[in-house]
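The sequence and structure come before the text.

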Amino acid sequence: MALPRGAKARAAVVVDRLAGLYPEAECELTHDTPFQLLAATILSAQCTDEMVNAVTPALFARFPDAPSLADADPDEVERLVHSTGFYRQKAKNLIGMARMVADEHGGEVPTELADLVRLPGVGRKTGNVLRSVAFELPGLPVDTHVGRLSRRLDLTREEDPVKVEHDLNRLVDPTERGRFSLRLILHGRRVCSARRPTCSECTLADLCPAAGTGVPRGGGSGAPGRAGAQSMPLPRPRTNAARRSAVRSRSASVAASFRIAGTLPKREATHTGSNEGSVVTRRYPPDRKSTRLNSSHVSESRMPSSA
């Protein structure tokens, strides 16, 4: 079978294969209503789904809907969500979100992305989770797994999640976007990890430009590119002060590398100017402690008057 050429054709095969590999991909956050999913997704920031699922039963038993959470005592909410981390900010976001939902949307979670991202603690990723999971509307949440795998599969070259989302939206049918995101997340957790992807077990290996390269596309920080590609040169400083600062930074970096290697080069230069006999000893790279002036050889014409 000939391999697909072009990102759109490759994306279609990726969607089909992942659907066969993870046919029952579901959101792993436990919830019964869109409001509960919204609250759980806010809590999932910098926290595992397992920890969120351990916290939400008590939270939802005490505050099952937006009106009840809107009037909650912040200290009580903080105690309930403490183990998810960043509990003060999360409690503040939960209460603020509940108040806005209750006051501006009649207690019902809105469905439009523009309305969702106005809620405290809600960004495009959370909004797309609500749209695709709770309302079965088009939405493609982009987390670290989705971004990493999309770059490795050469479906995008972008690092910014919003730009990644726009690139993927052009390649994936609207009805498949939510499930595609969930399946990429599962594949990223189980097979295509950030540090040690198991390419030999990957059903997408024959499609993936990064398979078996050792330095997978999108596996680290910086702009995406093919494995082994050299980084782009830094922009040239535009002002004299910026140029001097850049030179000092490079000199310090070179000197540090020599010191670490134990091979700091030494070279002495003797300069004789108009004052005969003045000797300046320098060591390279220049260092304040290693630059000295032998004052005993400075001529009397340069010495201050004793009168």
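## Cysteines

Cys 47 is buried, at a relative accessible area of 17%; buried stands for under 20% relative accessible area, exposed for over 50%, and partly exposed for values in between (1.4 Å probe, protein chains only). The model is predicted: local features need pLDDT of at least 70 and side-chain atom pairs count only at pLDDT 80 or more, while totals for chains, interfaces and linings use all residues. Residues are numbered from 1 along each chain as its sequence is written, and side-chain values use heavy atoms, with hydrogens and water left out.

Cys 192 is also buried, with a relative accessible area of 13%. Its closest cysteine sulfur belongs to Cys 202 and lies 6.1 Å away, too far for a bond. A disulfide is taken as a pair of cysteine sulfur atoms within 2.5 Å, and by this rule the count is zero.

## Helix H3

Helix H3 covers residues 49–62; helices are DSSP runs (H or I, at least four residues) and strands likewise (E, at least two), numbered from the N terminus. The expected span of a helix is 1.5 Å times one less than its number of residues. For the 14 residues of H3 this gives 20 Å, and the end C-alpha atoms are 20 Å apart, which agrees.

Thr 56 is itself buried, as are Asp 49, Val 52, Val 55, Leu 59 and Phe 60 of H3. The cover over these buried residues includes helices H2 (34–43), H5 (74–81), H6 (87–104) and H11 (177–190); contact here means heavy atoms within 4.5 Å.

## Helix H8

Helix H8 spans residues 124–134, and its buried residues are Thr 126, Gly 127, Asn 128, Val 129, Leu 130, Arg 131 and Ser 132. These pack against H2, helix H7 (113–116), H10 and H11. After H8 comes Glu 136, with a positive phi near 55 degrees.

## Salt bridges

Side chains of opposite charge can pair when their charged atoms come close. A salt bridge is counted where a side-chain nitrogen of Lys or Arg is within 4 Å of a carboxyl oxygen of Asp or Glu. The whole structure holds twelve of them. One joins Asp 154 to Arg 10, at 3.9 Å from N to O. Asp 154 lies in the loop between helix H9 (144–152) and H10, and Arg 10 in helix H1 (residues 7–21), so the pair ties together parts that are 144 residues apart in sequence. Both Asp 154 and Arg 10 are buried.

Another salt bridge links Glu 159 and Arg 151, with the closest N and O atoms 3.8 Å apart. Glu 159 is partly exposed at 34% relative accessible area, whereas Arg 151 is buried at 8%. Arg 183 and Glu 176 also form a salt bridge, at 4.0 Å from N to O. Glu 176 counts as partly exposed at 31%. Salt bridges that share partners join Arg 10, Asp 154 and Arg 157 into one network.

Arg 183 sits in helix H11 and is buried, with a relative accessibility of 8%. Leaving aside residues up to four places away in sequence, Arg 183 touches Leu 18, Ala 19, Tyr 22, Pro 23, Ala 25 and Glu 176.

Lys 163 belongs to helix H10 (residues 161–171) and is partly exposed at 47% relative accessibility.

## Nonpolar cores

A nonpolar core is a set of buried Ala, Val, Leu, Ile, Met, Phe, Trp, Tyr and Cys residues joined through side-chain atoms within 4.5 Å. The largest has 33 residues, and those with the most contacts inside it are Leu 38, Leu 69, Val 77, Leu 94, Met 97 and Leu 119. H2, H3, helix H4 (66–70), H5, H6 and H8 each supply at least two residues of this core.

Apart from residues up to four places away in sequence, Met 97 touches Phe 35, Leu 38, Ala 39, Ile 42, Leu 119 and Pro 120. A second, separate core of 29 residues includes Ala 11, Val 15, Ala 25 and Leu 153.
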